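Open your viewer and get ready to click along. We will hop from strands to a helix and then to some charged pairs.

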Amino acid sequence: MCVGLPGLAISTDEGQLTGRGLDGFYRAGRRVLSRCLVRVAGREPLAVQARMTSADSARFVGTLRVSPQTGPDPDLVVERTRHADGTERITLHSAGARPVRVPVEVALGTDLADLGAIACGSTGAELPATVHDSGLRWSSAAGGATVTADPPPTDALASAGLLRWEFVLAPGGSTTIELRVRADGAGPVRAAGRAATSPLAAARAVGDDSRVEPFLRTSIEGLQALLLRDPTNPADTHLAAGVPWRCGLAPAEALAAARMTLPLGPRLAVGTLRTLARSQLRGPKPQSGMIPGPIRDAGTHLPPGCTGTEATLLFPVLLAEARRWGMPEPETEELLPVAERCLTWLRTTAGDGTYLRDPQPGGFVRCETQAHAHRAALLGADLLDACGRPGGAELRQWARALRVTFRKEFWIDDVGGGRPAAARTPDGGLVPQLGAAVVHLLDTGLLGGGEHAPGLLDRVQTEHLARLLGGPAMDSGWGLRGLGAKEAGHNPFGHRSGAVRVHETALAVAGLATADYEKEATALLRGVLAAAEAFGHRLPEMYAGKQRTDAGAPLPHPAACRPAATAAAAGVLLLTTLAGIRPDAPGGTVTLRPMRSAPVGEIVLTGLRIASAPFAVRVSRLGLAMVEEAADGLQLRT
């Protein structure tokens, strides 16, 4: 899968685009070419290798025996280099001792189907082609597409969708055919992640564990591939949710991913916040101040949840933390009114009650929603105070009341010490199932001076939760299960009922490390690193929560996006958690709270960004952190 949005190319490891399943070149969610079958001397090359060369390109190698005198050894190598921008180069290398005549045939076709229709299995037949320029063209009511070839084919058969060439290769000689796929009315694909002004710093990781370097590099490549420009304001970039299924903006996930990538600089946060600010609801409506978002499945024990609530609560959190990492004051001032409206929506919606309920009448009171709301109130209050705006004291008072009530009414006591409820039902009952959504209770948010905000749980409750997250029911050995293995309705492939979701595992690692539960954090971190290695260091958004065995490997989820914004961003969060970086750019300080157990040995992170300047940090095998590069005037706070 080659990804450089809005371009995308998908095939099997053989490299042939067969027209079946998801095979094809895509542009902005539409398949512009579904079939591209290469035959040389009347036969398909025997596939011998397929590998990704970057997030947006892949290389496929096949061989053939075209000379009868060569015996069993192949004497022709066919190499295909495919790019997400719609370019494919087919290169033939001769290893024969004599000149050889090589006929080449490329069979092309498309249905111009929308990705949603392909996912539902409701595509139509291939469209008829016409000869166009140096290739073929297809058209329908939805638009059209063209494939051009260089050099031009010696023969083009529209009825069969065929382009033909005939080459004579000298011994050791080679020749290349370049195909370019274009949608009507669209210029060449210019992926936002390929721009010279990418919002993400090119950070690097090196250390004792050889996996950290490819893990961070591939995570950043995945993020670059998912970058999209706001069509109304192309200077603003944000992340698509993931490919192939969700190539557009998902507000809550875009904000969560931008927050995890703050160590790479605040520019992605600025673009994401600006893009979503333009969608904020205004006017005298109950939803005024809310950032809209789709409904999301919540597993077997809860009704679907509103991601608009999560996005609205994440907006002021991201703005507050981006400021700590070094977002310039003009951008902060520009976006502050939007954050204020989000916080006003929070207080208005909560009303005189303690909890923030689901938006429908008599809605559930979800544990994770209270965690998001509590964090938004405290970081929002900190932001308002720092910017000289009113409202901070009221938000802190509400958060304090929520904290007191939550600790009493959301905790379920049992012989093991207890657990937080997943939710309270409209009639006041508790939903007892233990799932990964509780990790948001550990994600309390960053305040000034390198301090984290207080959480909804007290110290004893936090310790019990840490033990549960580190236990075998939740830790699969590859990461955190979405629902505990002992809970009713557990399904290791369930989106929210048992599969490992990388984003939640990363939040658990960071939260546990911050709360000084390094044993549990280390086990989860090492599990994700092992899974990443099995997935070629490009983690999908989720994979099966089957228990890890000595000779096993994580099972892919057939519906998972890869790359996915939150999974790729989680790679950044996981590795920077090792150093415990807590910046306060407005205060001119940075605090380091590294994991003292040094789970991956020594690690050096370079190319990070704090206060608009490069930042590098080394964590020794003894768990000691040392700043190696920082902005002038940035002081290390102890």
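Select T148 first: it stands opposite R180 in β17. Helices (H or I, at least four residues) and strands (E, at least two) are DSSP runs, numbered from the N terminus. This is a predicted model, where local features need pLDDT of at least 70, side-chain atom pairs count only at pLDDT 80 or more, and totals for chains, interfaces and linings use all residues. Residues are numbered from 1 along each chain as its sequence is written, and side-chain values use heavy atoms, leaving out hydrogens and water.

Now show all of β17 (residues 174-183): 6 bridges join this strand to β14, and the two run antiparallel. Strands count as paired if DSSP finds at least two bridges between them. Next, colour β14 (residues 143-150) and β13 (residues 135-140), which also pair in the antiparallel sense, over 6 bridges. A hairpin of 2 residues joins β13 to β14. Click W138 and look across to A145 in β14, which stands opposite.

For another sheet, select β23, β26 and β27: these 3 strands form an open, antiparallel sheet in that order. The edges are β23 (365-366) and β27 (430-431), each pairing on one side only. Pick R366 and find its bridge partner, A423 in β26.

Select α11 (residues 518-534): is it enclosed or open to the outside? Of its 17 residues, 12 are buried (under 20% relative accessible area; exposed is over 50%, partly exposed in between, with a 1.4 Å probe and protein chains only), so α11 is largely enclosed by the rest of the structure. Among the buried ones are L524, L525 and V528. What covers them includes α2 (212-226), α9 (459-470) and α12 (565-577).

Finally, look for charges. Side chains of opposite charge can pair when their charged atoms come close. A salt bridge here is a side-chain nitrogen of Lys or Arg within 4 Å of a carboxyl oxygen of Asp or Glu, and the count comes to 42. Select R35 and E126, which meet at 2.7 Å, N to O. R35 sits in strand β6 and E126 in the loop between α1 and β12, 91 residues apart. R35 is buried at 16% relative accessible area, whereas E126 is partly exposed at 39%.

Methods. Contact = heavy atoms within 4.5 Å.
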